[in-house]
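User: Please go through the terms used for this model and show how each one is decided.

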Amino acid sequence: MPKQSSIHYQLSYWEHTSFFSNIDLLIVGAGIVGLSAALRARERAPKAKILVLERGPLPVGASTRNAGFACFGSVSELLDDMQQDPEDEVWALVERRWKGLLRLRGRLGDTAIRYEPLGGYELFRPEEVERYETCASHIAAFNQSLQPITGLKATYQLAHGAAADFGLNGVRYLIKNQAEGQLHTGELVKALLEKVQAAGITIYTGLGVEALHDTGGGVEVETASGWSINAGQVLVCTNGFAPQLLPGVEVRPARNQVLITQPVPQLKVKGAFHYDRGYFYFRNIDNRILLGGGRNLAAEAETTSTFGTTPLIRAALVRLLQEVILPGQEVEVARWWSGILGVGQRKRPIIEPVSSRVAAAVRLGGMGVAIGALVGEEGADLLLG
Ligand SMILES: Cc1cc2nc3c(=O)[nH]c(=O)nc-3n(C[C@H](O)[C@H](O)[C@H](O)COP(=O)(O)OP(=O)(O)OC[C@H]3O[C@@H](n4cnc5c(N)ncnc54)[C@H](O)[C@@H]3O)c2cc1C
């Protein structure tokens with residue numbers, strides 16, 4: 001028997017005329033970027049017919065599967081970025097992340113997304129003294145560069161003593177980022193979906209796009225169900241999956257594996273924690289620990305858009321949990337999952353025309369919660385002129 005997803009249908013005349021005709025703007029992908037683009041497009045074009053097509057039953061890429069850090073960069077991650085990109089570009093990106101977070105919080109409200117300003121922390125173990133010292137030596141200069149962005153005199157501060165308060169084991173140094181917060185990833189996407197629907201925009205889930213043809217007069221959109229739909233313009237917001245639709249765009253998928261524990265009695269950890277240049281991260285949520293990362297342990301294997309977890313990374317995450325985060329406590333993992341990032345040579349997102357009627361807003365990297373709202377809006381602006 002053919003699988004359900006491989007059954008191809010013809011659109012009936014009724015379906016075509018009532019649901020899929022006269023589309024002004026079609027957005028592919030209902031993550032933070034696609035949904036933010038839809039909201040912006042509605043503000044710019046109140047009467048336009050705007051559709052969002054999402055391949056999954058829910059948006060299933062990164063936006064519903066991330067860690068919910070409202071962050072803009074730890075010291076070591078920013079130093080790493082400065083190895084690749086000029087310093088002024090790194091600060092410009094940090095500013096965009098900061099503004100993106102403000103936009104998201106402003107649009108949806110802190111209560112709806114369960115935003116909590118608990119701060120962020122970068123931790124270093126004794127064997128990472130050299131990396132810590134390099135980071136510590138940049139704090140003063142980084143704080144100066146950040147003051148016009150966050151409005152704080154000392155965004156980063158040393159907070160070594162807090163390691164004991166959080167019950168962490170084997171952590172010698174901690175750098176606190178007071179401007180960082182955390183939010184509830186699921187509630188964020190739910191609030192965005194509700195806003196988009198309230199704005200009269202239809203989101204079709206379970207409807208993947210297989211190909212796009214700019215015909216000059218419009219865009220022919222081939223869907224996985226075999227339907228072909230015409231739209232005036234198309235914005236591709238598929239992040240790590242972008243190469244499937246736009247092979248020329250410089251994005252590659254990067255899988256990230258995540259666990260969440262069962263509730264932990266008297267959990268001491270509070271805040272968003274970064275470790276090993278951001279490759280590992282953990283936080284508290286609902287009296288549990290959410291912990292993820294480790295893709296650097298198997299960089300090639302994790303360059304994939306296939307969901308799943310692996311014994312190697314699961315073991316590394318469990319080790320970090322048991323040795324550092326919850327030492328001496330028997331805590332069960334309640335759930336494992338993975339999400340797909342979109343990364344590239346540069347950290348900067350791609351917001352570019354692909355043809356005269358198709359544009360892409362992709363490659364969000366590891367801080368797409370922060371920058372996603374702006375990227376979506378800029379993508380919509382690019383098409384709407
Ligand atoms: C495990 C993990 C942890 C993370 N933690 C954080 C964090 O703490 N803070 C932070 O700022 N960022 C974090 N990120 C990054 C952040 O989640 C992403 O950068 C952001 O969600 C990207 O949003 P997006 O809308 O561009 O992409 P996505 O959310 O991936 O959305 C793309 C959508 O397109 C759909 N799609 C794909 N192909 C097609 C197609 N052909 N047709 C139709 N639909 C299609 C997908 O199903 C998906 O829903 C994390 C990412 C992961 C994976």
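Predicted model: local features only at pLDDT ≥ 70, side-chain atom pairs only at ≥ 80, totals over all residues.

Analyst: Residues are numbered from 1 along each chain as its sequence is written.

User: What makes strand β13 covered on both faces?

Analyst: A residue is buried if 20 or more other C-beta atoms, placed from the backbone, lie within 10 Å of its own; 12 or fewer make it exposed, and in between it is partly exposed. In β13 (residues 272-275), Ala 272 and His 274 on one side and Phe 273 and Tyr 275 on the other are all buried. Strands are DSSP runs of E, at least two residues, and helices runs of H or I, at least four, numbered from the N terminus.

User: How do you know that β4 and β13 pair?

Analyst: Pairing needs at least two DSSP bridges between two strands. Strand β4 (residues 120-124) and β13 have four, in the parallel sense, so they meet the definition. Leu 123 stands opposite Tyr 275. With β14 (residues 280-285), β13 pairs in the antiparallel sense, also over four bridges.

User: Why is the ligand said to lie between domain 1 and domain 2?

Analyst: Both domain 1 (4-64 + 187-249 + 347-384) and domain 2 (72-182 + 251-343) give residues to the shell, so the ligand lies between them. Domain bounds come from an automatic or database domain assignment. The shell has 44 residues, and α10 gives the largest share, four.

Note on methods: Near = placed C-beta within 6 Å.
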